[in-house]
Amino acid sequence: VGLTQIIGTAPSYNLADTIYINLTSTDATSIQLVPPTPSEITVQGGGGLEATQISMEIRDGSDNLVTEPFLVHYRILPTAPIGVYLNQQDENYFVECAESSNGQATVTLNSGTQPGSVPIRAELYPSNLYELAIADGALGDGEGCNDINQTIYDIYGIASLEAVPVAVVTGAPAFGEINYSYIDVIDIGGGLYEVPLSISLWDFYSNPV
């Protein structure tokens, strides 16, 4: 895809002309995850970056980025850490839709209060999904992104993927505890004893650091 330049010349007449043809992509056939940077974010208030962008590339059968807009439906899967959400805290923290521009659709993933890996699912649809689904009766008037389900994907879905692009890590230690094991005390002579010692550290949300 892109702008093609064609130059025609007639040297014997000292003439030349140029035309431009814009080549557009064919229909979308696949969706690909762009590895996010950073791929690790800290829990809220943990002292580091608490959000990262999740971008999807939409490509045609020739692996070109598509030129027409498409709809990408993002969903955080149930095993994600507590509190993570997409874009803004609204009616449904775990679902967001984004329309692609020049073959790319992006949402923001925000951390919560628990560390762990964040699995997501992304589904690709035509940009006029809502109009199609309402006209067919698959969606009701007023229904939208939050109401997209497996049935909708089976009818209108183009492609999908599941990935674990981001991990939420703990923040800096906020408090700790020193532990002694008196039952394992060893007499090393001379009135001296060896006592096993351990220290446990937790962040603000009581996550082990």
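Author: Let's start with burial: in this predicted model, 33% of the 209 residues of the chain count as buried.

Reader: What makes a residue buried here, say Tyr 125 or Tyr 153?

Author: Buried means under 20% relative accessible area, and both Tyr 125 and Tyr 153 are in that class.

Reader: Why is Phe 175 called partly exposed?

Author: The class runs between 20% and 50%. Phe 175 comes in at 40% relative accessibility, so it counts as partly exposed. Trp 202, at 23%, gets the label partly exposed too.

Reader: How many aromatic pairs are there?

Author: The structure holds 3.

Reader: Why is the pair of Tyr 125 and Tyr 153 called edge-to-face?

Author: Ring centres have to lie within 6.5 Å to pair, and planes over 60 degrees apart count as edge-to-face. Here the centres are 6.0 Å apart and the planes sit at 90°, so edge-to-face it is. Tyr 125 belongs to strand 10 and Tyr 153 to helix 2, so the pair ties together parts 28 residues apart in sequence.

Reader: And what makes Phe 175 and Trp 202 stacked?

Author: Stacked needs planes under 30 degrees apart; theirs are at 25°, with 5.7 Å centre to centre.

Reader: How do you know that the charged end of Arg 121 sits over the ring of Tyr 153?

Author: The distance limit is 6 Å from the ring centre, along with an angle limit of 35 degrees from the ring normal. Arg 121 has its charged end 5.4 Å from the centre of the Tyr 153 ring, and is listed as sitting over that ring.

Conventions:
Residues numbered from 1 in each chain as written. Predicted model: local features only at pLDDT ≥ 70, side-chain atom pairs only at ≥ 80, totals over all residues. Heavy atoms only, no water. Buried < 20%, exposed > 50% of the residue type's maximum accessible area, 1.4 Å probe, protein only. Helix = DSSP H or I, 4+ residues; strand = E, 2+ residues; numbered from the N terminus.
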